[in-house]
Amino acid sequence: VRFPLRIPDTVLAKASQNPCLSLYFLQRYLRDNPDSKSTIQSVLELNSRMGYLDSARGILIAYSSKLSELEKGKWYEQLGEWEKALEIFEKQFQEDSTDKINDITALIQCYAHLEMWDKIRGLENLFDKMPLNAKKENALWFSCAEYHNNNIEKALEFLLNDNNININIDT
């Protein structure tokens with residue numbers, strides 16, 4: 001069924017106040033334009049936001065050839081597919097030698113969710129080289145890694161360091 005005004009599906013999806021209707025128009029557009037990377041991202045985002053995680057996983061698998069490895073890794077991470085995300089991020093981390101410090105956060109989060117504390121402790125030498133925002137984001141994971149290694153003093157150092165997070169702990 002075609003609409004008499006022939007308004008593009010992407011315009012209708014953006015204008016719609018109803019997320020289900022937006023999803024319908026985006027999926028219809030994607031069916032006719034399977035190479036539209038922005039539409040794939042929008043469909044994944046909307047499915048994820050609406051809690052349709054299985055649908056988002058199916059779309060990610062169906063259209064993964066259209067996405068970059070980094071985009072796939074971020075989506076697997078967002079959908080809780082930690083093993084798949086880890087595989088992609090480890091490969092990316094080993095290949096990309098130019099900006100490892102900025103790309104390490106996703107890798108550390110995967111290790112943490114998979115409780116691979118030894119792997120996180122192995123990356124502690126990079127902590128001081130991280131920008132402040134990355135330190136704030138990763139301090140908790142480094143602290144947890146030390147806690148699981150029964151090194152409470154070092155765990156507290158990560159949390160109480162002036163460059164990281166401000167936490168009040170009564171000792």
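Colleague: Which residues of helix α10 are buried?

Modeller: Helices here are DSSP runs of H or I with at least four residues, and strands are E runs of at least two, numbered from the N terminus. Buried means under 20% relative accessible area, exposed over 50%, and partly exposed in between, with a 1.4 Å probe and protein chains only. In α10 (residues 152–160), that gives Ala 155, Phe 158 and Leu 159 as buried. They span an arc of only 95 degrees around the axis, so they sit on the same side of α10; the arc is taken from the directions from the helix axis to the C-beta atoms. Glu 153 and Glu 157 are exposed on the other side of α10.

Colleague: Before going on, what kind of model is this?

Modeller: It's a predicted model, where local features need pLDDT of at least 70 and side-chain atom pairs count only at pLDDT 80 or more, while totals for chains, interfaces and linings use all residues. Residues are numbered from 1 along each chain as its sequence is written, and side-chain values use heavy atoms, with hydrogens and water left out.

Colleague: What do the buried residues of α10 pack against?

Modeller: Contact means heavy atoms within 4.5 Å. The partner of those buried α10 residues is α9.

Colleague: How do I read a helix pair, say α3 and α5?

Modeller: Axes are lines fitted to C-alpha atoms, for helices over the stretch in contact, and angles run from 0 to 180 degrees between N-to-C directions. Angles under 35 degrees count as roughly parallel, over 145 as roughly antiparallel, 65 to 115 as roughly perpendicular, and the rest as oblique. Here the axes of α3 (residues 37–49) and α5 (residues 69–78) come within 12 Å and cross at roughly 10 degrees, so α3 is roughly parallel to α5. On the α3 side, Lys 37, Gln 41, Leu 44, Glu 45 and Ser 48 make the contact, and on the α5 side Glu 71, Trp 75 and Gln 78.
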